[in-house]
Amino acid sequence: MSPLHLQKTLLLLPLLFLTLLHHSAWAKVEVQVEESVEAYLGDSAQITCLYNFTDVESEPRLVMIQWFVRVSGSSSRIRIFYGDGDQQIVDNNTDYSGRIEVTSDGRESKLSIQDVRLQDEREFLCQINGLSAGNAEGRTHLRVFATPEAPLIEGVSSGISVTNELPSKVASCETRNGFPKPNITWYRNGSPLNSEPGHVNVLILVTRDSSGFFSVQSTLEYKVLKEDKDSQFTCELSFFVPGAIRTAESSSVNVTVHYPTTMVELWKDSPQGLVKEGETVELRCQGDGNPPQPFTFSREQELDVDLESSHGDVLTLSPVSRKDSGIYQCRPLDSEGNSDVKGEMQLTVHYLDPAVVVPKESEVMLRGEELTATCNALSSLKTSTVWYKDGKHVGTGNTLHLKDATYQTTGEYICEVTVPSLPALHTSGSVNIIVQGGPQLVGSDQDVQLEEAAGRTVNLSCEARGRPLPSLSWSLSSSQSYQEVVSRSNDHEALSVVSVLVTADFSAVCNASNDLGTESKTFSIRAIPRLTSATPFSPEGSGIIIVVIILSLLLLAILGSVLYFLHKKGKIPCGRSGKQEITKEKTTKDDIVVEMKSTTKTEDTVLLKAVNGDKPNDQ
C-alpha cells in the first residue's frame, strides 16, 4: 500500500470507530456478478458487479470497491483498481493500466476493459468492503474469441491404389490464428467421416504460438475404393464465437484412384459408318482401369501375331482391303495371362469390283434386230444398276433389252452401278451399239407435192440415215437443171439441198443408196403462172377493186334498210308473239335474195338480184 493510501486509512479510523459504536446491530453485504462475459479480440468488454447491504437500522455510508484479476496458472491475484467515497484509482504497472475504467453508483460497479487481448482470458474478481457490514466478492470469467483463418485443404498429388492394405493419406486441412482451439471435421461427398480402424484415420496436430493463437492441422487417411474416383473430399472448420458456434467449409478435392482393368471395349473410331476398300481404319481400345494401360492387338485368325499400334490404344489399318475383314481383339498389356479381360469387334471391309458389260466394248446389229446387254459388278453389298444413253435414263437393272433397232438406237450405252447403303462405292461400264442397214429417208412423206410460181427458184431438201453412210443423188425430168447448195454428212447421216429454177411442171427424185439397199423420194412441182406477168399491175386495176368493195358495202346497207322496213310493216314477226307468218309457198316481187360466193381468186363478188329477175325498187 502506498504512503498516501496509508495516510488516508489512518484518517478514516476514528470515523470507522464512531460508526461501529453508532450501530447496535451488524449489517451484511451481498454481491452478484455474471459467471462469464464474452468478447471478441480487440473489442471492449464490460463486467458488472451488483451489491447491496442487509441492515435493520441503516446502511453504512462508506464503501470500498476493489477489482482483482487471477494470475494465470496460479491462485494468487493482482489488484487493478481501488475506489471509495473520495477517490478512484487504477493501479499502475499492471496489464490493465490505461485500458480499464470503473464506474460506481452505490448499487453497482462496472469494469470496462478496452482492446481485449488473448491474455484477458482469465478470472476477474469484484470485492466490496462495507466496513461493519463486512465484505464480499464476486468472480466473473472473461472469455475471449478470435476467429480463425479459413480452412486450407490440400489433396495428395500422387495416385492411390485400391490394392493398398492400409488407409492412405488422402488430404490435409489446416487453419490458423484461432482462439479458443477450433475443430476440424472431414466429409466425403457431404457425409462426415469418423475414425474407423482399418478404414478411416484422422490425425490432429494442434500448435499454439507465442501470442496465444491456436493452429490446427488435420490429416485424413482413407482406404480408397474404385468408386472413390469421383468422390469429393472436404473439411469443415468449427469455432466458438460469443454465444454461438460457427462453421466454415473448405473447397473440395478429388484424388486419383488407381485400380486394375476389369473390362475392355474395342470399337471402330474412324471412319464413321461402313468401311470400303482403300480407306484408313482406326480401331480404338479402352479399359476401365486407372491409369490407362497400353494394349496389344491381334486378329482372331492370328492370335499368336501381335499387330503394331501407334499410340498403345489405337490400331491403324491403311489402306484396308477385303482381306482385312475379320474379328479383332485387344488385351491390356498387364493382364498377366487373364485372357478373359479383352475387347473384340467384327470388322467388315466392303468392296465393289469393276463393272463387266456383255457384249464388250462395241456390238454391230442390223436395223430391226434385238439385243440384250448385261452389266454386273461383284459387291459385298446390294447394288443398283442404271443405264444411260446421251445422258438420258434408258433402263434400270443389270439387263438392258434393245428391240426393233433403228438408227437412233446407235450410240454408247453406259451402266452405272452404285451401292445405296454406301454411296462412296460406285463403278461403271459401257458398250457401243452400231446399227447397220439400208438408207432411211428422213420425213414421213416419200412423195412431196409442191406448187411454185413460174420463174421462181425452189429448194429441195433430202436427208437420209444409214450405215454404211448412204450416198445421195438427184434426177430431174424435163431436162431441168439444178444446183446443189448444201451437202453435208457424218458417220451415218447425209443431207443434200438442191436449188431448181421453175419454168414448167417437173419432178425430182432423190436417191439414197449404200451396200445394204436403196430408197428414193419424189418431189412433184407444178408451175403456177405469175399474176405480174399476165396482168401487169396498174393504178386503174387497183381502182376497180376499190369501187367493187364500196358497191358491196352500199348493197349491204340497202339490204339492212329493206329488212328494217319489212319489220315495221309487220311482215317479219319479232319473236314468238308476232301475228304474221312467212311461208315458202308464195313469192312476190318484193322478195329479195342475197348471195355471197367466194372463189379461189383473190377477189370477192357480191350478187344482188330479184327472184322474178326484175330489178328491185328503190325504197
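**Close-up views of a predicted model**

**View 1. Leu125 and the residues around it.** Setting aside residues within four places of it in sequence, Leu125 makes contact (heavy atoms within 4.5 Å) with Gln66, Trp67, Phe68, Val69, Arg70, Arg77, Glu137, Gly138 and Arg139. This is a predicted model, where local features need pLDDT of at least 70 and side-chain atom pairs count only at pLDDT 80 or more, while totals for chains, interfaces and linings use all residues. Residues are numbered from 1 along each chain as its sequence is written, and side-chain values use heavy atoms, with hydrogens and water left out. Leu125 sits in strand β9 (residues 123-129); strands here are DSSP runs of E, at least two residues long, numbered from the N terminus. With a relative accessible area of 0%, Leu125 is buried (buried means under 20% relative accessible area, exposed over 50%, partly exposed in between, using a 1.4 Å probe and protein chains only). Ile80 is 45 residues away from Leu125 in sequence, and their C-alpha atoms are 9.9 Å apart.

**View 2. The largest nonpolar core.** A nonpolar core is a set of buried Ala, Val, Leu, Ile, Met, Phe, Trp, Tyr and Cys residues joined through side-chain atoms within 4.5 Å. The largest one here has 32 residues, and Trp67, Ile80, Leu111, Phe124 and Ile128 touch the most other members. Strand β3 (residues 45-54) supplies the largest share, five residues. Domain 1 (29-145) and domain 2 (149-258) both give residues to this core, so it lies between them; the domain bounds come from an automatic or database domain assignment. Zoom in on Leu111 and, not counting residues up to four places away in sequence, you'll find it touching Ala45, Gln46, Ile47, Trp67, Ile80, Ile100, Glu101, Val102 and Phe124.

**View 3. An open sheet of four strands.** The order is β15-β14-β18-β19, with antiparallel pairing; two strands pair if DSSP finds at least two bridges between them. β15 (191-193) and β19 (244-249) are the edge strands with a single partner each, so one side of each has no neighbour in the sheet. Ignoring direction, neighbouring strands are turned by 40 degrees against each other on average (axes are lines fitted to C-alpha atoms, and angles run from 0 to 180 degrees between N-to-C directions). Strands β14 (residues 183-188) and β18 (residues 233-241) run antiparallel and are joined by six bridges. Look for Arg188 opposite Phe233 in β18.

**View 4. An open sheet of three strands.** Here the order is β21-β23-β26, again with antiparallel pairing. The edges are β21 (264-270) and β26 (314-317), each with a single partner, so one side of each is left without a neighbour in the sheet. From one strand to the next, the twist averages 20 degrees. Six bridges tie β21 to the antiparallel strand β23 (residues 281-287), and Lys268 stands opposite Leu283 in β23.

**View 5. Strand β32 and its two faces.** In β32 (residues 371-376), Leu371, Ala373 and Cys375 make up the covered face, while Thr372, Thr374 and Asn376 are on the uncovered one. Strand β30 (residues 356-358) pairs antiparallel with β32 over three bridges, with Val356 partnered by Asn376. β32 is also joined to β35 by four bridges, antiparallel too; there, Ala373 has Leu400 as its bridge partner.

**View 6. Thr410 in a loop.** Thr410 lies in the loop between β35 (399-402) and β36 (411-418). Its relative accessible area is 17%, so Thr410 is buried. Leaving aside neighbours within four places in sequence, Thr410 contacts Lys389, Ile433, Ile434, Val435 and Arg467.
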